[in-house]
Every structure is written in structure tokens, then in C-alpha cells.
Amino acid sequence: MAEQGSTDTTKDDSMTQPIDSTDSSGDGGAKTNPPVSVSQFMMSNKTESIMWLLRLFTLVSTFFFLFPIFGVAEGEHFYQRALLANALTSACRLHQRLPRFQFSRAYVTQALLEDSCHYLLYSLIFITSYPITLCLVPVAVFSLLHATAYTRKILDIIGPNSIPWVRSFLDKMTTHQQSLFKFIACNEILLTPATVFILLGGRAHLFLPFFYYRFLTLRYASQRNPYCRTLFYELRVAIEQMTARPSCPILIRSACHKAIKLICKLAPGS
């Protein structure tokens with residue numbers, strides 16, 4: 001929060017195309033002749049196809065959690081299913097990003113640098129907790145964003161002008177991608193006090209806020225997705241401007257400045 005992160009979109013592939021902050025669902029860069037059917041295309045890209053299906057399942061599970069058509073109890077099951085699907089997606093992407101497994105500190109350090117590892121940990125943190133609606137927002141929006149490229153390829157195979165309303169929706173998602181990444185980062189930050197309130201309400205285990213703080217430090221230090229630290233910086237500037245107004249009560253100004261100092265001390269690299 002102490003300083004603004006780099007936002008150079010020319011070097012950050014997670015910001016220039018609909019790819020995972022967990023990261024991209026890449027095809028290996030090789031272009032081949034398009035298959036004659038959707039099934040052949042999916043079979044020729046098995047890992048990407050599995051991740052695409054898992055992301056769609058995450059979206060469906062999130063929908064049924066938010067709108068418990070089958071009952072509240074079943075809605076809670078959909079909460080866990082959404083996080084489980086996100087964990088599996090992140091694990092698949094992490095497997096693509098990392099070299100062959102080695103039982104070493106260097107390997108673990110490299111894994112913790114990957115955004116997909118962050119969201120694998122994120123899912124494991126919340127999957128056994130009391131259902132938190134805010135928790136599923138980053139998961140669902142990421143799944144929607146990172147399913148767009150593969151969905152567009154599926155539509156191209158079906159036909160160049162197939163399902164135009166879906167194509168229009170995908171285009172809008174791509175256009176507003178950076179705003180959506182900022183929205184996700186805002187949710188990640190707001191979840192910090194939410195975990196404390198849930199703990200005080202007796203609906204979470206004691207270590208939930210500490211585990212989540214560790215996740216947030218990983219997001220803050222992310223090399224691929226700088227939106228979390230950028231948003232921290234923007235929030236700090238906005239609060240400092242608000243408290244600098246003569247109409248701001250001294251008590252609120254003092255509390256805000258103390259909170260900023262505390263967060264700066266907790267930020268990675270401070």
C-alpha cells in the first residue's frame with residue numbers, strides 16, 4: 001500500500017487478454033488446422049478443455065448458491081462445489097506453469113510466485129468455512145473472464161456467426177477486463193475485515209484471518225497481476241485526500257492515518 005505497483009500492460013499478459021490471474025489457459029502457441037467438430041477440438045486440447053468445463057461448473061455452482069432454487073442447504077453445497085472446481089482449475093494451471101515436481105524449497109518458492117497457486121490456496125482457505133457470498137465473487141468473475149477465449153474458439157468452430165448474443169457478451173467482457181480485475185482486487189481487500197467479523201461471530205476457525213492475510217500478501221506481491229497493490233495505492237490516496245479536507249473530523253482523520261501506517265507496515269517489502 002506504500003507505493004503504487006507497475007501497471008505496464010505491455011508486459012503483463014494477464015491484463016491484455018482474457019487469461020487467468022490464476023493465469024492463462026494457453027494453447028502452447030502452436031496453430032493447427034481447425035478440427036471439423038467441437039468434440040475433436042476439445043479432445044486435441046484436453047487440459048484446456050477440462051479447465052474450461054471446470055470454469056463453467058464454477059459459474060453454474062455460484063449461480064445456484066446465490067439463487068438457492070433447490071433449497072438453502074443445497075445452496076451451501078454449491079458454495080463448496082464452486083470453490084472445489086476453482087481449486088481443481090488452479091491446480092491444472094499450476095501444473096502447466098511449473099516444471100516437474102521437486103521436493104525442495106526452491107520449488108515451493110517458485111510455486112508461490114504463481115497466481116494459480118494463490119487461488120488454489122484461496123479455495124482451500126474458504127472451502128470449509130461458513131459460506132461467504134463475497135468469497136465467490138473473485139472466483140466467479142475470474143472463471144467468466146478466463147473462459148471467454150476458449151468459448152470464442154468453440155463458437156468459431158460451430159460457425160463464424162453462431163450465437164451472436166454470446167459473442168457480443170464476450171466482446172464486452174474483453175473490453176471491460178481491466179475494470180473487472182480492479183473489481184476483483186477490491187473484493188479481495190474487502191474480504192480481510194469480513195474474515196475478522198465472521199471470526200468474531202463464531203462462524204470461522206481461529207486461523208482464517210491469518211491464512212487470508214497470507215493470501216493477500218501474495219496477491220499484493222504478484223508479478224503478473226498488479227491490481228491488488230494498485231488498488232491499495234488508490235485507496236490510500238483517496239483516503240488521504242478525504243481526511244485532508246477541513247470538514248473531516250479530527251478523530252476520523254487520526255484513525256485513518258493510524259490505519260494507513262499499520263497497513264503499510266504489514267505490506268510485503270515494507
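Visitor: How do you know what share of the contacts with a separation of 6 or more joins residues 24 or more positions apart?
Guide: In this predicted model, residues 24 or more positions apart account for 70% of those contacts. Contact here means heavy atoms within 4.5 Å.

Visitor: Which elements make up the protein?
Guide: The protein has twelve helices and zero strands. Its pattern along the sequence is α-α-α-α-α-α-α-α-α-α-α-α. Of its 270 residues, 43% count as buried.

Visitor: What span does helix α6 have, and what is expected of it?
Guide: Helix α6, residues 115–126, reaches 17 Å from its first C-alpha to its last. For its twelve residues, 1.5 Å a residue gives an expected 16 Å, and the span is close to that.

Visitor: What makes R97 and E114 a salt bridge?
Guide: The closest N and O atoms of R97 and E114 are 3.0 Å apart. The cut-off is 4 Å, so the pair qualifies. R97 sits in helix α4 (residues 72–97), while E114 is in the loop between α5 (105–112) and α6, and the two are 17 residues apart.

Visitor: Why is the pair D115 and R219 said to tie together parts that are 104 residues apart in sequence?
Guide: D115 and R219 form a salt bridge, with their closest N and O atoms 3.3 Å apart. D115 lies in helix α6 and R219 in helix α10 (residues 208–220), so the pair joins parts separated by 104 residues. Both D115 and R219 are buried.

Visitor: Which residues are linked with D115 in a network of salt bridges?
Guide: E188 and R219 are linked with D115 in that network. The structure holds seven salt bridges.

Visitor: What makes D171 and R152 another salt bridge?
Guide: Their closest N and O atoms are 3.3 Å apart, and the limit is 4 Å. D171 is in helix α8 (residues 164–175) and R152 in helix α7 (residues 133–158), 19 residues apart. D171 has a relative accessible area of 41% and is partly exposed. R152, at 24%, also counts as partly exposed.

Visitor: How do α7 and α8 pack, and what is the hand of their crossing?
Guide: The axes of α7 and α8 are 10 Å apart, at an angle of about 140 degrees. Their crossing is left-handed. Residues making the contact include L144, T148, R152 and L155 of α7, and V166, F169, L170 and D171 of α8.

Visitor: How many disulfides are there?
Guide: The count is zero. The rule asks for a pair of cysteine sulfur atoms within 2.5 Å.

How values were computed. Residues numbered from 1 in each chain as written. Predicted model: local features only at pLDDT ≥ 70, side-chain atom pairs only at ≥ 80, totals over all residues. Heavy atoms only, no water. Helix = DSSP H or I, 4+ residues; strand = E, 2+ residues; numbered from the N terminus. Expected span 1.5 Å × (residues − 1). Salt bridge = Lys/Arg side-chain N within 4 Å of Asp/Glu carboxyl O. Buried < 20%, exposed > 50% of the residue type's maximum accessible area, 1.4 Å probe, protein only. Axes fitted to C-alpha atoms, helices over the stretch in contact; angles between N-to-C directions. Left-handed = near helix turned anticlockwise from the far one by under 90°.
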